[in-house]
Amino acid sequence: MIVGYALRESVRRKVLVVVLVLTAAFLGLYALGTEQAFDIVDEERFGPEGAGGAVDSRELAGATLFGLSMFGTLFLGTILAAFLTLGVVRGDAERGLLQPLVVRPIGRSVLLLGRFLAAAAVCGVYVIAVYAGALVITWAIGGWVPDRIAGPALQLAAAVAVVSALALLGSVFLTTTANGIAVFMLFGAGLVAGLLGQIGEVLGSETLTNVAEITSWALPFEALYQDGLNAITADSSGFTEIALDLGPFGGAQAAGPWLWPWTLAYLALVGLLAVAAFRRKDL
Amino acid sequence: MPAAFSARALAKRYGRVEALAGVDLEVEEGELVGLLGPNGAGKSTLVKIGCGLVRASAGEARVCGSPAGSHEAREAMGYLAELFRFPGWVSADELLELHQRLAGSTGGATEREDLLALVGLAEARRRKVEAMSKGMQQRLGIAQALVGRPRFLFLDEPTSALDPTGRRTVRRLLEELRGRGVAVLLNSHLLSEVELVCDRVAILSRGRLVAEGRPSELARPRGVEVDVDGATRLFEGAGREEAPRLVADLVAVGERVYGVRVLESTLEEIYLEAIGEHSEGHGEAS
């Protein structure tokens, strides 16, 4: 019921229309960029075997472009997740929207869970759809497909679910504006840590890779994103793999078998914290 | 039968601020009690504790015998917040349907139609909240509070946005609810309104209950006015039981009596006295 209510809210408030229009613009821009990149790759100086023949240029271009699209998809999904959830408790309470709902027998826990499921469902479907769109564009224009297809899509969906959960937890304590700032700063911090990790890998810096790893576990949306990036070039090898490792999108680290259990545990932990804080909150 | 609402030594602190300092109050089944007090007296805090929106620091509040905030208490009550808003994108009918589902009401479309008719919004059932005037939204709020046929209602300033016609509609509604056996705790600044509809009043000041009872019980005699030839004579401090003797005395001394009025303090005077204010220039509780 709460899920349906939140979904109807998204539709009626024209959130989905705005999102669809801007996503079409994003995918259009991505298609243009992909076409230009593969045109250059197909020219003589960057022939199919690359400048020296050791690097698969189509693989490099495809993986980098698709990695960029995954970053864009995660970013757009994060914006959607944040704006659907960042005012759910304190923001709605300050506007007088929450009190009539909370006094009903359904209770605070169910209300919060419903809002989370709605946001996670909307954002999850959204990122999977954008991911699929980018996949089709990359394949149709450049003839390149990632080594793994389903896993990275699910990881992006899980990443925005984590962002939704964090934004909901923040909404219990913070005003809408403060929570929005906090969520985007966390998102930025996660991405920066991931990039630092890649730099650390290249430079062989144990400190940087440790910082990145700890941050990834503390903010698992980053670990999910990095693992997804890694999966799209899982079968790359040789100089192509080295070239991808040097880029910002193609050669991220794998997270290992504990990523999914930890993500689920993290969601449960954040959910429990949010529910406990919400139940004690004076409205 | 437990009271519709009861508060025992109810206290609430917000940091250093003591919002409620041990309040005892009961609202019986089918009773309409007016809650009065100046701003910051603790009225809204009391109502919010009763609804389960705020946790008490000490003491206990119960709704229809169940602890305030419990599932059972929330099933038994309806609530109209002082500063509420409904999402602009829902229609009146959709909003009531949502609250029916949240409240577990099985009333269906019939209940929704009845409630909208009760608050004078039968023609606006498909209108979106954002297209409604503030007064219409207030009446929709009252309808929302009545979803699921609650046994007890917390109404926090239900007529604040209404014009005189709307206030009259709400007064009639409250009388009808009393007829159905629904108990109401009405938090209002409008003393005249409270005086017109409430069985009892409770006056809070600085977090304490400073007066409680029927307006007639709280009223004090201010005197007896007697119209005689060409004048009105006031017997200050005299009460109703003294009126026959006063008239008899006047007749005995040859005065012709045309009318007698027993004067009692108004609710406004009772209120101002209870909160320790002078009555000059106060038309409504602030």
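Mentor: Happy to! The C-alpha centres of domain 1 and domain 2 of chain B are 43 Å apart. Keep in mind that this is a predicted model. In the domain assignment, domain 1 of chain B covers 5–214, and domain 2 covers 221–264.

Let's go to the sheet. Three strands of chain B form an open sheet in the order β12-β11-β13, and their pairing is antiparallel. At the edges are β12 (231–236) and β13 (257–264) of chain B, each of which pairs on one side only. From one strand to the next, the twist averages 20°. Strand β11 of chain B spans residues 221–228 and is joined to β12(B) by 6 bridges, the two running antiparallel. As background, strands of a sheet pair through backbone hydrogen bonds, either parallel or antiparallel.

Now for the partner chain. Chain B gives 22 residues to the contact, and chain A gives 19 residues. On the side of chain B that touches chain A, α2 (71–76) and α3 (92–103) of chain B each supply at least two residues. The largest share of that side, 5 residues, belongs to α3(B). Sorted by class, the side of chain B that touches chain A holds 12 nonpolar, 5 polar and 5 charged residues.

Note on methods
Residues are numbered from 1 along each chain as its sequence is written. Chains are lettered from A and ligands numbered from 1 in the order in which they are written. This is a predicted model: local features need pLDDT of at least 70, side-chain atom pairs count only at pLDDT 80 or more; totals for chains, interfaces and linings use all residues. Two residues are in contact if their C-beta atoms, placed from the backbone, lie within 7 Å. Helices (H or I, at least four residues) and strands (E, at least two) are DSSP runs, numbered from the N terminus. Ala, Val, Leu, Ile, Met, Phe, Trp, Tyr, Cys and Pro count as nonpolar, Asp, Glu, Lys and Arg as charged, and the others, Gly among them, as polar. Domain bounds come from an automatic or database domain assignment. Two strands pair if DSSP finds at least two bridges between them. Axes are lines fitted to C-alpha atoms, for helices over the stretch in contact, and angles run from 0 to 180 degrees between N-to-C directions.
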